[in-house]
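My entries follow in the order I made them.

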Amino acid sequence: MSKSKKSGKSPAAVPASGARAIYTIETVERITHISRDRIVLYYQHGLVSPVQATAKEILFDEEAIHRLCRIAFVLSEYGINHQGLREFVSLMDEVEQLREEVRFLRQGL
């Protein structure tokens, strides 16, 4: 399912059963059509969080990919500046937290 690391073209780390998928920055770049430099910039500004970051490699999960796609959409549709983007990301986080709380409360009913 995945190519070996030796080839240097491993699209993603294949998860064990029940684990989440982890993607290299190169794979994220191909999936999202966002340049590597921009992904790193978003990471450095705290707009997206990798599951692991070392000097040699940054790895992301599907949640980060989804977040990057939402950021790219907002930028392309509304052309907001970095401060506006920060506010948007903060609101996205708050909405997701509220959704989780609603799901939890609905399970208790």
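**Notebook: helices and strands**

I started at the end of a helix: just after helix 3, Gly79 takes a positive phi of about 55°. Before going on, I noted that this is a predicted model, where local features need pLDDT of at least 70, side-chain atom pairs count only at pLDDT 80 or more, and totals for chains, interfaces and linings use all residues. Residues are numbered from 1 along each chain as its sequence is written, and side-chain values use heavy atoms, with hydrogens and water left out.

**Overall layout.** I find four helices and four strands in the chain; helices (H or I, at least four residues) and strands (E, at least two) are DSSP runs, numbered from the N terminus. Going from the N terminus, I read the order as β-β-α-α-β-β-α-α. Of the 109 residues, 27% are buried, meaning under 20% relative accessible area with a 1.4 Å probe, protein chains only.

**Helix 3.** I checked residues 62-78: this helix has 17 residues and spans 24 Å from its first C-alpha to its last, close to the 24 Å expected at 1.5 Å a residue (the expected span is 1.5 Å times one less than the number of residues). Which residues of helix 3 are buried? I get Ala64, Ile65, Arg67, Leu68, Ile71 and Val74. Their cover includes strand 2 (22-24), helix 1, helix 2, strand 4 (58-61) and helix 4 (82-108), with contact taken as heavy atoms within 4.5 Å.

**Strand 4.** I looked at where the side chains go: Ile58 and Phe60 point one way, Leu59 and Asp61 the other way, and all are buried. Strand 4 pairs with strand 2 in the antiparallel sense over three bridges (pairing needs at least two DSSP bridges), and Tyr23 stands opposite Phe60. Strand 3 (residues 52-53) also pairs antiparallel with strand 4, over two bridges, and there Ala53 has Ile58 as its bridge partner. I count four residues between strand 3 and strand 4 in their hairpin.

**Helix 1 against helix 2.** Residues 25-32 and 36-44 pack at an angle of about 110°, axes 9 Å apart; axes are lines fitted to C-alpha atoms over the stretch in contact, and angles run from 0 to 180 degrees between N-to-C directions. Helix 1 and helix 2 are therefore roughly perpendicular, a label for 65 to 115 degrees. I see Ile25, Glu26, Val28, Glu29 and Thr32 in helix 1 meeting Arg36, Ile39 and Val40 in helix 2.

Conventions:
Parallel < 35°, antiparallel > 145°, perpendicular 65-115°, else oblique. Buried < 20%, exposed > 50% of the residue type's maximum accessible area, 1.4 Å probe, protein only.
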